[in-house]
Amino acid sequence: MTDPTAREEMLARIRAALGARPPAATAVPRDYQRVGSLGRGSAEVLDLLADRLEDYRATVVRVAGPDGVPAAVGALLAEVGSVVAPEGVPDAWLGAITADVRRDEPALTHAELDAVPAVLTGCRVAVAETGTVVLDGSAGQGRRALTLVPDRHVVVVLADQVVHAVPDAVAVLAAHPERPLTWISGPSATSDIELVRVEGVHGPRDLRVVIVGRTSS
Amino acid sequence: MSTYLGMPTVRPHPDTPPAAPLRWGPSFPQAARQTLRDEQLRANLRTATRTIRDKRRRVTAELGDWEQLRDAGAAIKADVMSRLPELLIELEANVTARGGVVHWARDAAEANAIVTGIVRAAGAREVVKVKSMATQEIGLNDALAAVGVDAVETDLAERIVQLAGDMPSHILVPAIHRNRAEIQEIFAHRMGDAPPGLSDEPRALAMAARAHLRARFLRAEVAISGANLAIAETGTVAVVESEGNGRMCLTLPRVLVTAMGIEKVLPTFADLEVFLQLLPRSSTGERMNPYTSMWTGVTPGDGPSEFHLVLLDNGRTRALADELGRQALHCIRCSACLNVCPVYEHTGGHAYGSVYPGPIGAILTPQLLGLGDEGGPFGAHDPTGSLPFASTLCGACYEACPVKIDIPSALIHLRERALHPDGGHPPTATDLAMGAAARVLASGRLLRLAGRAAALVGRVTGGRPIHRLPWPGSLWTRVRDVPGLPRRSLSAWWRDRGSR
C-alpha cells in the first residue's frame, strides 16, 4: 500500500497551488453534436459504417436480415481449421461453419488461444461515423483475450446496434461503464516507420464485419 | 551522418544516455546548432510532419462541430484543474471499490520505488510496457534495470528507440528521427532474434517486431502502462493505441500497473464523447485510432487479477501554481503542436533536451522543473530556461491544439519567469537596446548616420550573415545570427534611385 503521507502531501500541494486563485469555475459548453443526425439502425447509418470500415481495410459483408448471417459467417471462416466462439454467440450463426468450434470453457490458456486462428463474436454497439465496433464482454463477446490473440476476428453487427456518432455510443455504454470496453476501428496498424501505414501488427491482422440490415440502395 | 553499408554504424541519439529524462544536453540554441546540421534528420522530419499535418487537417475539417468540441475540451480541463483534489479522491474511491489499488507518488523516485516494489513482489524478471510518457518522464526503465528487471517496450517506435539507445524525439512517434534503413540496422544488430535477410520495408520491419514481441506478450506476468485519461465518476481508465500492443499488455498479464499524471483525470463518463473525438483526430489524424481499451478496477475472469494505479505529481503541482502556465496541464499528449511547429520541424525533438519536446514541451518541462523557483533552473542560457525562447511565437500551436492551450502567451510569460524569477523588472540589455533604437528611429539625422554605419559594415562583411559580434552585440549573436547587411543604406538607395 501507498504511504499515506504521500497522499496527504499531494492533496495539500494541489490545494496550495490552486490557493487564492483557482481557475474560474465555468460551465462546460456542450454545443457540439450530442446526438448523431442519422437514425440508429437506419440504412444510411449502416452504409456509413460499411464505408468507414472499408476505409480502414476491414472486410465488410452486408446481409439483409438474420437469415443471411450463417452463410456469411461460414464464408468468412471457410478456410480456417478452428474458431473460438464465446458463450452467447447464437447457435444459428454457427450453422454453416466447417471449422472446429472451440468454447472458452474451461478458459483457454494463452498458448491454446494462440493456436486458434479465428474468433467469432457479436458486439455491444458500433459507431458509423468513425467505423468503430465496441465490445463490452457481455453475452456473445467473451473475455478480452479471445478477440485479441487469434489473428482473424469475425464480428456480427446487428442493425439496431449501429449508432451515428461517438456521443451516441458513449450514451449506450454508460449503462455499464464498469465492463471492460474495447473500441475496435479496423485491424491493428502502425505508422511508426516513416509514417507509412502498415496494417496488422499485434492485434488481429484481419478484421471481418458482417453488417445485418438493409442498405439504402 | 551515418552510412548504410550493413555495418553497425547506428549511434545513439543523443551520444550519451541522459541522467535526467526532463533535462539533458546543452541549451536549446546550442543543441539546435547540432541537430540542424543533420540533413537526414531534417528530411525525415519534413516528410513526417507534413504527412500528419495534412491528415489532421482533413479529419478535423470533416466534423462540423470541431470548434465546439475544442471549446468543450478546454472547459472540461479548466474545470478539472479547479477541483482536482475532489476528483482524485473520487477516482481513488471508485478504483478501490472495484478491486484496484491506488498509490500516490510525489516525485519520480517515489513512483519508481512503488512500481519496482510491485514488480518484485510479483516475482517478475521481465515486464512488458505500453508506450507511456509518464514512465518516460520518471525514467522507470532504468529504475527497473537497476533491480534486475528487463522492461520491454512494446510500441514499435518505442522499441526502436529502446534498442537504439535513443531518447524519444516526438510524443506520438518517438522514432521519427530514424528512417527505414536505420531501423533495419537497429533491428538486425540489436533485436537478438531478427530474421535473417531482414529488408528495410516498413511491413517487413513491423512483422519482425510482431514476431519478436509475441512470445513476450504471451508469457508476461506483469505489464506497465500509462493512461490517456481516467474517469473520476466511475474509476474507468483508458489507453488509446494502434498496434494492439496495448491490448496485449492490458489483457494478458496477471498484474497491471498504470502510472498516470494527476492532471489526466476527467470528471464524468460522458466526457469520453469529447476526448475520444479530439484525441485521435488531432494525434494520428484518424477518425478513430484502431484500439481503445477501458477498464474499471479488476474484472474477475477477464484480464489482470491485480491492478495498481500510480498517481504521479513530479512537478505537476508546481505547474498548477502558475495561474497562466497551469494550462500546460490541460495537454492530452496528441502532439499536434509538434507537427505544426516550424521550430520543431527544423530542429527535431532532441534539441529540447527533454522527453517532452516541441511547443508543449517548451512550456511543460520548465514548469515541471520549477523554472525561476528557488533552486530551480533559471535564465535564458540554462538548458531548461532556454526552452520558452525556442519559438517564433507564430501561434500555429495554439490553432492546432485540441484543448486550446494558449502556448504563445504561456511562452512569453515563462520568458519573464526565466529572466525575472522574483517578478522584478530591472532594465535588460534588450530594454536598453530598444531605448537606443527608439531615439535613433525618432531622429532623421541619427537614422542617416546609423544607415551609413550599417552600410559600411555591410561592405566590410561582403553582405554575408554575421555569426559573431563583439560585446555587447555578442549577447545577441550567441543565440542568433545577424542577417547580412546591405552595402548601401535605404536612404542612399532612395536618393540615387530618385536622381535617375
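In what order do the six strands of the open sheet in chain A stand? Keep in mind as you look that this is a predicted model. Reading across the sheet, the order is β1-β12-β7-β4-β2-β3, and the pairing is parallel. At the edges you will find β1 (59-63) and β3 (100-102) of chain A, each of which pairs on one side only. From one strand to the next, the twist averages 25°.

Let's step inside that sheet. Strand β4 (residues 118-121) of chain A pairs with strand β7 (residues 152-158) of chain A in the parallel sense, over four bridges. To find your place there, look for T121(A), which stands opposite V155(A) in β7(A). Now look for helix α3 (residues 69-76) of chain A: this helix lies across β1, β4, β7 and β12 (206-212) of chain A, and runs at about 170° to β12(A).

Next, follow the chain to D160(A), in the loop between β7 and β8 (162-163) of chain A. Is D160(A) buried or exposed? D160(A) is exposed, because 11 other C-beta atoms lie within 10 Å, and a residue with 12 or fewer counts as exposed. Leaving out residues up to four places away in sequence, D160(A) touches R40(A) and G41(A). W183(A) is 23 residues from D160(A) in sequence, and their C-alpha atoms are 18 Å apart in space.

Now for the nonpolar residues. In soluble globular proteins, nonpolar side chains tend to be buried together. The largest nonpolar core here has 209 residues, and those with the most contacts inside it are V73(A), V157(A), V127(B) and V310(B). The element that gives the most to this core is α3(B), with seven residues. The core also draws at least three residues from each of domain 1 (28-43 + 65-312) and domain 2 (325-419) of chain B. Take V157(A) as an example: beyond its neighbours within four places in sequence, its contacts include C123(A), A126(A), V209(A) and I211(A).

Finally, see how the two chains meet. In all, 73 residues of chain B are in contact with 61 residues of chain A. Helix α3 (residues 66-82) of chain B gives the most to chain B's side of this meeting, with ten residues. By class, that side has 36 nonpolar, 21 polar and 16 charged residues.

Key
Residues are numbered from 1 along each chain as its sequence is written. Chains are lettered from A and ligands numbered from 1 in the order in which they are written. This is a predicted model: local features need pLDDT of at least 70, side-chain atom pairs count only at pLDDT 80 or more; totals for chains, interfaces and linings use all residues. Two residues are in contact if their C-beta atoms, placed from the backbone, lie within 7 Å. Helices (H or I, at least four residues) and strands (E, at least two) are DSSP runs, numbered from the N terminus. Ala, Val, Leu, Ile, Met, Phe, Trp, Tyr, Cys and Pro count as nonpolar, Asp, Glu, Lys and Arg as charged, and the others, Gly among them, as polar. Two strands pair if DSSP finds at least two bridges between them. Axes are lines fitted to C-alpha atoms, for helices over the stretch in contact, and angles run from 0 to 180 degrees between N-to-C directions. A residue is buried if 20 or more other C-beta atoms lie within 10 Å of its own, exposed if 12 or fewer, and partly exposed in between; C-beta atoms are placed from the backbone. A nonpolar core is a set of buried Ala, Val, Leu, Ile, Met, Phe, Trp, Tyr and Cys residues joined through C-beta atoms within 7 Å. Domain bounds come from an automatic or database domain assignment.
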